Amino acid sequence: MPQSSDEEALLWLQFKNGDREAFAAIYQKHSISLIAYGMKLCPDPDLLKDQIQELFVELWHSRENLSPTDSVKFYLLKALRYKLIRQEKNNAARIGMHRWSVTLTGIHREEPVETSLIEKEIHESQMALLRKAIKELSLRQQEIIQLRFYQGLSNEQIAELMNMNYQSVSNLLYRALCRLKDLTRMPAFKTLLHFFLFA
Amino acid sequence: MKNLDNEIWELLQDDQFIKWVHSPDAGSIAYWEEWMKQYPDKVTTLFKAREIARDLAYMEKPDGAEQLSATIWTGVLGQMGEETHRKISGKAIHGEEERAGARSGEAIALEVKTVRNRRTWYAIAACLAGLLLIGAVFFRYRSANRPAAVIGAQQVASLLGKEGLQRTNRTTGNQEVYLVDGSRIVLQPGSSIRHAAFLQKDRREVYLEGNAFFEVAKDADRPFYVYTNDLVVRVLGTSFNVATDQHNGDVTVLVRTGKVSVSKKISARQELVLEPYQQALYKVATRDLIQSAPVRPKGASAIIPVAPAIPFNFEEAPVVEIFKTLEKAYGIPMHYDDKTFSACVVTTFLTNETFEEKLKIICAAIGAAYRIDDTGVVIEGKPCLR
């Protein structure tokens, strides 16, 4: 699904040279990721919309001065984070990460590959548990879960993005996963899991 | 059963695994194929972990994102307009600064003393330069969290003497240092600054030898002065670069954001007020201070040095490590008892606060108190409970 880094680098260069189509393609590819991440940092959808819009306008206008990159998504995530945090500061608000309730949509769902009804049921109850558990995490833990699993970033990239050192990121991830592990542990669930795996 | 569970959560922490699940390439596919051959009994675990990873990803997909995306794009298209007049729309939080679209002039071939993106810093430095440009151009105030490069220790040689603090960059790369008011300075190799450690007077003063980029924290009550041998640069809150020619000692001051005034030490009468992208040149031979041709934005970004950022975000970090980071960043010696604080662990995300605010926050977290004397900062407190 993702382009190779060479293609990414090329697209970015074309955009830097003023190619509007390349710019549009970049936007298409990454806007959803940016919205997803932005929501974690900025609870107000109108404000987020403005910020992302501004970001891209700024990118377009300063395109000649931007450095080349072969990881456009990462670059954009960083730029957005930087921008959103600045925005918070300028509003004299503390950086509180606000809760954003993530709801599922039926669109674009990757159909899970399940062969039996029981497997399907097990999976759905697992998802429900996970969904509930994620909401129990601290916002920073939620942020790292998103960056890692939805955005697909490595620990090193997350460290850079969140301006933490590598060990702190590992710790944060470990605690987030431990918490999820504990929260999703239910006797009934375990039995079903056992059944699923050994049936 | 328990082991099975743990294996899954172990996999979730493996970067290699994430790559395979999220954006598999030839390398990762091959790797996990091999792994499955080696551990056939763990294959189910692997796929179970993948399922969980996918579920976690799936839950992050925002509601109504497509709609929002389309709306945003319409807005972007509307503002992409013409190239010549780069005005930012009034809605922007950063307001005032109007890009110098009307400024002409060829790209000045300045003697660029800055260290260009060192490729040894991966692409991080390159991204930083881009961000710095965006940040400096569009925002008036000093920037906040910088992505940190994962690099080893920096050595800041600093001396706390009677005249204050002297900090020299003895490394071969650029170095980021902070002042207690929150100002940030990027020192180029071999350059040094001298200043009162706690900037207590009614003005903030820094003596510079060499080349440095300054991002001055806003403090209207205390103007910021940078002195070179012959020049005085006065600022309120802004960012600018000072470069000294190694051969003839000529000094160039280039402004990125805000306004600075440059004058000769000996005579305050001739004062140049510079705005973004404008620069002044002081020629030692003739003792002339002139305003030289402004730099195009493209040229300006080449002059701003990039330095690996000091990470101020800590997750369950031993407080001793935090003290060490502060010491490195501010050059002010921290005195504390290692043993007393060895069990103290802090999670905190510090950014733009002044040095003292940072101290207050950390001390509050560990139930300690700090005091400042002429040896630096002394931290006293009780041991933390595990």
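**Exercise 1. Find the neighbours of strand S5 in chain B, and say which of its faces is covered.**

Start with strand S2 (residues 164-169) of chain B, which is joined to S5(B) by four bridges, the two running antiparallel. Keep in mind that you're looking at a predicted model.

Next, look for strand S6 (residues 204-209) of chain B. Four bridges link S5(B) to S6(B), and these two strands run antiparallel. Here B:Arg194 stands opposite B:Tyr207 of S6(B).

Now for the faces. S5(B) covers residues 192-195, with B:Ile193 and B:His195 on the covered face. B:Ser192 and B:Arg194 are on the uncovered one.

**Exercise 2. Trace the open sheet of seven strands in chain B and pick out its edges.**

Go across the sheet strand by strand: the order is S3-S4-S7-S10-S11-S14-S15 in chain B, and the pairing is antiparallel. The edges are strand S3 (175-178) and strand S15 (288-292), since each pairs on one side only. As you step across, neighbouring strands are turned by 20 degrees against each other on average, if you ignore direction.

Strand S14 (residues 279-283) pairs with S15(B) in the antiparallel sense over five bridges. Among the partners, B:Lys283 is bridged to B:Asp288 in S15(B).

**Exercise 3. Check whether the span of helix H3 in chain B agrees with its number of residues, then see how covered the helix is.**

H3(B) takes in residues 26-38, which is 13 residues. At 1.5 Å a residue, counting one less than the number of residues, the helix should span 18 Å. The end C-alpha atoms lie 18 Å apart, so the two values agree.

As for cover, there's hardly any: of the 13 residues in H3(B), the count of buried ones is zero.

**Exercise 4. Describe chain A, then work out how helices H2 and H6 of that chain lie against each other.**

First, the overview. Chain A has nine helices and zero strands. Of its 199 residues, 40% are buried. Take the contacts between residues at least 6 apart in sequence: 69% of them join residues at least 24 apart.

Then the helix pair. The axes of H2 (residues 20-41) and H6 (residues 139-150) of chain A come within 10 Å and cross at roughly 170 degrees. Angles over 145 degrees count as roughly antiparallel, so that is how H2(A) lies to H6(A).

Who meets whom? A:Ala36, A:Tyr37 and A:Lys40 of H2(A) meet A:Gln142, A:Glu143, A:Gln146 and A:Tyr150 of H6(A). Sort the residues of this contact and you get three nonpolar, two polar and two charged.

**Exercise 5. Decide whether A:Phe23 is buried or exposed, and find what it touches.**

Locate A:Phe23 in helix H2 of chain A. Count the other C-beta atoms within 10 Å: there are 22, so A:Phe23 is buried, the cut-off being 20 or more.

Leave aside neighbours within four places in sequence, and A:Phe23 is in contact with A:Phe15 and A:Trp60. Finally, compare A:Phe23 with A:Phe56: they're 33 residues apart in sequence and 9.1 Å apart in space, C-alpha to C-alpha.

Methods. Residues numbered from 1 in each chain as written. Chains lettered and ligands numbered in written order. Predicted model: local features only at pLDDT ≥ 70, side-chain atom pairs only at ≥ 80, totals over all residues. Pairing = 2+ DSSP bridges. Axes fitted to C-alpha atoms, helices over the stretch in contact; angles between N-to-C directions. Buried ≥ 20, exposed ≤ 12 C-beta atoms within 10 Å, placed from the backbone. Contact = placed C-beta atoms within 7 Å. Parallel < 35°, antiparallel > 145°, perpendicular 65-115°, else oblique. Nonpolar A, V, L, I, M, F, W, Y, C, P; charged D, E, K, R; others polar.
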